[in-house]
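Visitor: Can you walk me through this one? Keep it quick.

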Amino acid sequence: MKKIKDNFERNWLFLFLLLYMLIMVPLPWYYNIQYNDDFFGVPLFLFGWLLHGFVILVLTIIYACLCMKRPEYKNFEEEES
């Protein structure tokens, strides 16, 4: 397996790992055993999960766009043609 030497890849890896570990911590906006309602009676943890999912989706799109600007991906596209 290739050793991760690139700061770009390492930074994104740690960011996604941090978000993965954050979702496992039993914080009240991710996990709740009692019913704590928020807007319109919807449980608070549903908003936390939706917001976290949206953040992950946006960061994934940003990561994909930044990856496509890198030279190793441009070389890969040229080799396939």
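Guide: Here is a short tour of a helix, a core, an arginine and the cysteines.

Guide: This is a predicted model, so local features need pLDDT of at least 70 and side-chain atom pairs count only at pLDDT 80 or more, while totals for chains, interfaces and linings use all residues. Residues are numbered from 1 along each chain as its sequence is written, and side-chain values use heavy atoms, with hydrogens and water left out.

Visitor: How many residues are in α1, and what is its reach?

Guide: Helix α1 covers residues 7–24, 18 residues in total. From first C-alpha to last, α1 reaches 26 Å, close to the 26 Å expected at 1.5 Å a residue. The expected span is 1.5 Å times one less than the number of residues. Helices here are DSSP runs (H or I, at least four residues), numbered from the N terminus.

Visitor: Which residues of α1 are buried?

Guide: Phe8, Trp12, Leu19 and Ile23. Buried means under 20% relative accessible area, exposed over 50%, partly exposed in between (1.4 Å probe, protein chains only).

Visitor: Where do they sit around the axis?

Guide: On the same side of α1, because they cover an arc of only 40°. That arc is taken from the directions from the helix axis to the C-beta atoms. On the other side of α1, Leu18 and Met24 are exposed.

Visitor: What covers the buried residues of α1?

Guide: The cover includes α2 (44–68). Take Trp12: beyond its neighbours within four places in sequence, it contacts Leu59, Ile62, Tyr63 and Leu66. Contact means heavy atoms within 4.5 Å.

Visitor: Which residues make up the largest nonpolar core?

Guide: Five residues: Phe8, Trp12, Leu19, Leu59 and Cys67. α1 gives the most, with three. A core here is a set of buried Ala, Val, Leu, Ile, Met, Phe, Trp, Tyr and Cys residues joined through side-chain atoms within 4.5 Å.

Visitor: New topic. Is Arg70 buried or exposed?

Guide: Arg70 is buried, at 18% relative accessible area. Arg70 lies in the loop between α2 and α3 (71–80). Not counting residues up to four places away in sequence, Arg70 touches Asp6 and Phe8.

Key:
Helices (H or I, at least four residues) and strands (E, at least two) are DSSP runs, numbered from the N terminus.
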